[in-house]
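I am opening a notebook on this structure. The entries below record what I looked up, in the order I looked.

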Amino acid sequence: MSFEMTKGLFKYDFIDQHAILGIPLDAEFNDIRKRYMKIARRLHSDTCSFEDPADKNWANQFLSKVVNPAYNKFSKESDRKEYNLLLATISKRLVKEQAKMQIESAAAKQLATAQNWEEAYKTAVSKLALKQYESVEETQQAIDQISELNMVYLLRKERLGGGGVAAGSPAKATTPSSTEKTAAATPATATPAAPPPPKVEPPNTLADPYCRRAQGFMDSKNYAKASLELREALKRDPKHSQAHAMLAMCYFEQNQATMAKLEMNKALASNPEEPTALEVKKKLEQAAAKAKKGDEKPGFFASLFGGKKK
């Protein structure tokens, strides 16, 4: 099965992982992970809503051969560094070859002349991402158009001396001005690559299908069913930090602070930078602070934080 992508940054012998995931070039890693989980639920054979069997098969193949590798580029330190270096190189190449650049999509053409171009870029990418995986045809069209937006964004940023955008970390805001014209005449210097993101499990472990289903239940606030899926996930991969972290969040949402802390600690033991576990930790600390002030009901979080007995 062929997945041909030839527009935007793909023209430069580069696989535009941002376009595949439908995220802006300055997306933070936690947003990248959430976006990946949403796409995975959409395309996975257990949850795919495509009616045509051929489309379902395409979705499953596209997830494993295109989407999963794209997500892995942001999960592995070595791949991330290589990807950032390629983005910086392509940025310089775009400036040198801008006279030959061909832009087809209306969104990219508008971005090329937009005054508030950074805001226009994010809005355009977000709009395309909404329906990116609604059908096979819309997927291809959205990836092409987002990659063209990425191409124009990199060109305009490089003109201002911004260099390539580090994947998985926020970009510094720039204000459009007359300096954009003069900056093109001076050599651009690439900004240093951002620090690597926290290590996370690759998306092809035995636990991942259960995590995807659990995320769906969590989105609809059905934490009991989500917990069942996550326990099954941990049977298959007992050290899966994301599964422990998600289970901790489920326990917290059900006011089971002791269990939430237990699962949080297991997640952080496997991955000290696990974002969901760190979020649970923050919520627990905030709840403890409120309990000390007497804002919580008597007994709430008492077993975990030593609340006063009556």
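Predicted model: local features only at pLDDT ≥ 70, side-chain atom pairs only at ≥ 80, totals over all residues.

**Entry: α12**

With 14 residues at 1.5 Å a residue, α12 should span 20 Å, and its end C-alpha atoms are 20 Å apart, so the two agree. Next I asked which residues of α12 are buried. I found Ala 257, Ala 260, Glu 263, Met 264, Ala 267 and Leu 268. Viewed down the axis of α12, these buried residues fall within an arc of 135 degrees, so they line one face of the helix.

I then picked out Ala 267, which sits in helix α12. Is Ala 267 buried or exposed? Its relative accessibility is 0%, so Ala 267 counts as buried. Apart from neighbours within four places in sequence, Ala 267 is in contact with Ser 241, His 244, Ala 245 and Ala 277. I also noted the spacing to one of these: Ala 267 and Ala 245 are 22 residues apart in sequence, and their C-alpha atoms are 5.4 Å apart in space.

I moved on to Glu 273, which lies in the loop between α12 and α13 (275–292). Glu 273 has a relative accessible area of 46%, so I put it down as partly exposed.

**Entry: α10**

I checked the length of helix α10, residues 223–236. Its 14 residues reach 20 Å from the first C-alpha to the last, close to the 20 Å expected at 1.5 Å a residue. The buried residues I listed in α10 are Tyr 223, Ala 226, Ser 227, Glu 229, Leu 230, Ala 233 and Leu 234. They cover an arc of only 165 degrees around the axis, which places them on the same side of α10. What does the face turned away from that buried side carry? I found the exposed residues Leu 228 and Lys 235 there. I also looked for what covers the buried residues of α10, and the cover includes α9 (208–219), α11 (241–253) and α12 (257–270).

Most residues other than glycine have a negative phi.

Lys 221 is not a glycine, yet has a positive phi of about 65 degrees. I located Lys 221 in the loop between α9 and α10. With a relative accessible area of 62%, Lys 221 is exposed.

Asn 255 is another residue other than glycine with a positive phi, near 60 degrees. I found Asn 255 in the loop between α11 and α12.

**Entry: α2 against α3**

I turned to helix α2 (residues 29–43) and helix α3 (residues 53–75). How do their axes lie? The axes come within 10 Å and cross at roughly 170 degrees. An angle over 145 degrees counts as roughly antiparallel, and α2 and α3 are therefore roughly antiparallel to each other.

I then listed the residues that meet. From α2 they are Phe 29, Ile 32, Arg 33, Tyr 36, Ile 39, Ala 40 and Leu 43. From α3 they include Trp 58, Phe 62, Leu 63, Val 67, Tyr 71 and Phe 74. The residues of this contact of α2 with α3 divide into 13 nonpolar, three polar and one charged.

Glu 118 is in helix α6, residues 117–130. Glu 118 has a relative accessible area of 13%, so it is buried.

Asp 13 is in the segment before α1 (17–21). At a relative accessible area of 78%, Asp 13 is exposed. The C-alpha atom of Asp 13 is separated by 9.8 Å from that of Ile 90, 77 residues apart along the chain.

**Entry: the chain overall**

I left the totals for the end. The protein chain has 14 helices and zero strands. Of its 310 residues, 48% count as buried. Among contacts with a separation of 6 or more, residues 24 or more positions apart account for 69%.

Notes: Residues numbered from 1 in each chain as written. Heavy atoms only, no water. Axes fitted to C-alpha atoms, helices over the stretch in contact; angles between N-to-C directions. Helix = DSSP H or I, 4+ residues; strand = E, 2+ residues; numbered from the N terminus. Parallel < 35°, antiparallel > 145°, perpendicular 65-115°, else oblique. Contact = heavy atoms within 4.5 Å. Nonpolar A, V, L, I, M, F, W, Y, C, P; charged D, E, K, R; others polar. Expected span 1.5 Å × (residues − 1). Buried < 20%, exposed > 50% of the residue type's maximum accessible area, 1.4 Å probe, protein only. Arc of directions from axis to C-beta.
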